[in-house]
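Please open the model in a viewer and keep the selection tool at hand.

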Amino acid sequence: MYETCRAWMELNMEHLRHNVRLLQSLLPQGCALMPAVKANAYGHGAAAVAGELQRLGIEDYCVASAEEGAALRGAGIRGQILVLGYTHPWEFALLEEHDLTQTVVDYDYGRELEAYGKELPVHVGIDTGMHRLGESWENLSRLESLWERRRLRITGVYSHLCTSDGETEEERDWMRLQERRFLKAVQSLRTGGRTFSTHLQGSYGILNGKRLCGSYDYARAGIALYGALSAPSAELRRRYDLRPVASVKARIACIREVGAGEGAGYGLAWRADCARRIAAVSVGYADGIPRALSGAGRALVRGRSVPVVGRVCMDQLLLDVTEAEGVRPGDEAVLIGRDKGLEIRAEELAAQAGTISNEILSRLGARLPRVEV
Ligand SMILES: *Cc1c(COP(=O)(O)O)cnc(C)c1O
């Protein structure tokens with residue numbers, strides 16, 4: 001158990017259940033949550049998270065790769081598993097073996113899937129302006145011709161919004177334009193008797209769903225499901241009671257008294273202006289704590305918020321605990337999570353490191369045991 005860990009991650013499954021219910025309440029009748037459990041469920045542990053979701057009655061999941069999908073099958077996940085990303089033709093057997101639904105990433109890829117020679121379930125990706133994956137919404141005849149490929153069992157059609165988290169008028173307009181393009185393609189494909197499910201929104205498409213007008217069969221929620229926003233937003237925090245599933249904690253190894261003018265850490269990048277107490281904490285960038293937090297981040301120790309000093313190391317970092325009373329070796333330092341009345345959210349840590357919480361969470365290292373609390 002975590003009492004003996006140098007560093008660990010705590011998972012609050014009650015918060016996961018709460019976030020599921022909250023997101024479901026934001027979706028219109030008939031729209032099912034299709035959680036994104038890619039990248040090891042954003043670092044939380046795909047088997048544990050998907051297992052819990054399955055117990056809650058969730059039947060559809062999306063992952064980034066066929067390998068991730070196969071791993072979920074190995075963990076006993078039974079519903080539809082959609083592979084959002086590219087699968088090499090040599091790996092198509094993996095799709096078949098594990099009954100995974102592959103994204104048709106463009107027209108030519110549809111031909112490769114057909115050439116596999118056996119029927120495969122697929123969702124067709126439509127590029128409505130992000131220019132990442134999907135056949136262009138404008139190439140209607142190419143899209144239509146995918147239905148003539150007999151071995152493609154097309155069960156869904158989807159697109160991805162690239163400015164749904166934006167607050168400027170321009171970003172909102174772009175999101176609406178993407179939706180109009182998507183609906184236009186969907187409408188054309190449906191005439192002619194083609195039937196399929198549709199999906200468009202990720203987390204921010206759900207949270208900002210009032211800006212959309214269509215109704216869809218699924219919503220692919222990722223980051224919000226884990227109780228985080230990508231970036232801090234007082235407005236969204238107020239509007240939605242998302243509860244963080246993950247905390248990251250580490251143990252203090254030892255404490256040093258550092259005199260005025262002395263430095264600490266690599267490059268002696270930090271120097272004490274007066275006598276300070278410095279704690280070495282057993283977590284570093286190899287565990288996913290970004291080196292960009294050097295001299296910028298904070299942690300919670302004994303109910304106090306204390307600064308990261310000097311450079312974050314591979315396996316350790318230093319905190320200035322002068323202001324925290326009674327700190328001892330063996331104490332916990334909270335990098336993400338709560339301590340007494342204080343809290344550090346993943347999006348706040350991410351902002352300090354110049355990134356988004358999605359990156360922070362999904363890169364939390366394999367070295368951290370995941371402990372359900
Ligand atoms: C990762 C991903 C999602 C989930 O995104 P969040 O913003 O984390 O909710 C949805 N759709 C696609 C295509 C994705 O790649």
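Which pocket does the space taken by the ligand form? Select the ligand: the space that it takes is the largest pocket. A pocket here is an open set of points on a 1 Å grid over the protein atoms alone, with protein on both sides within 12 Å along at least five of seven lines.

This is a predicted model, in which local features need pLDDT of at least 70, side-chain atom pairs count only at pLDDT 80 or more, and totals for chains, interfaces and linings use all residues. Residues are numbered from 1 along each chain as its sequence is written, and side-chain values use heavy atoms, with hydrogens and water left out.

Next, select the shell of 13 residues around the ligand (a heavy atom within 4 Å). Lys38, Tyr42, Ser203, Arg220 and Gly222 come nearest. The shell comprises five nonpolar, five polar and three charged residues.

Now display the polar contacts (N or O atoms within 3.5 Å). The side chain of Tyr42 places an N or O atom 2.5 Å from a ligand oxygen. For Lys38, a polar side-chain atom is 2.7 Å from an oxygen atom of the ligand, and for Arg132 the corresponding distance is 3.4 Å. The protein buries 87% of the 390 Å² that the ligand exposes when taken alone (Shrake-Rupley method, 1.4 Å probe).

Finally, select the cysteines. The structure holds zero disulfides (sulfur pairs within 2.5 Å). From Cys162, the nearest cysteine sulfur is that of Cys213, 17 Å away. Cys162 is partly exposed, at 32% relative accessibility (between 20% and 50%). From Cys213, the nearest cysteine sulfur belongs to Cys31, 14 Å away. Cys213 is exposed (over 50%), with a relative accessible area of 66%.

Technical notes: A polar contact is a pair of N or O atoms within 3.5 Å; within protein, one must be able to donate a hydrogen and the other to accept it, and residues adjacent in sequence count only if both atoms are side-chain atoms. On a 1 Å grid over the protein atoms alone, a cavity is a set of points where a 1.4 Å probe fits but cannot get out, and a pocket is an open set with protein on both sides within 12 Å along at least five of seven lines; lining residues have an atom within 4 Å of a point. A molecule sits in a cavity or pocket if more than half of its atoms lie within 2 Å of its grid points. Ala, Val, Leu, Ile, Met, Phe, Trp, Tyr, Cys and Pro count as nonpolar, Asp, Glu, Lys and Arg as charged, and the others, Gly among them, as polar. Buried means under 20% relative accessible area, exposed over 50%, partly exposed in between (1.4 Å probe, protein chains only).
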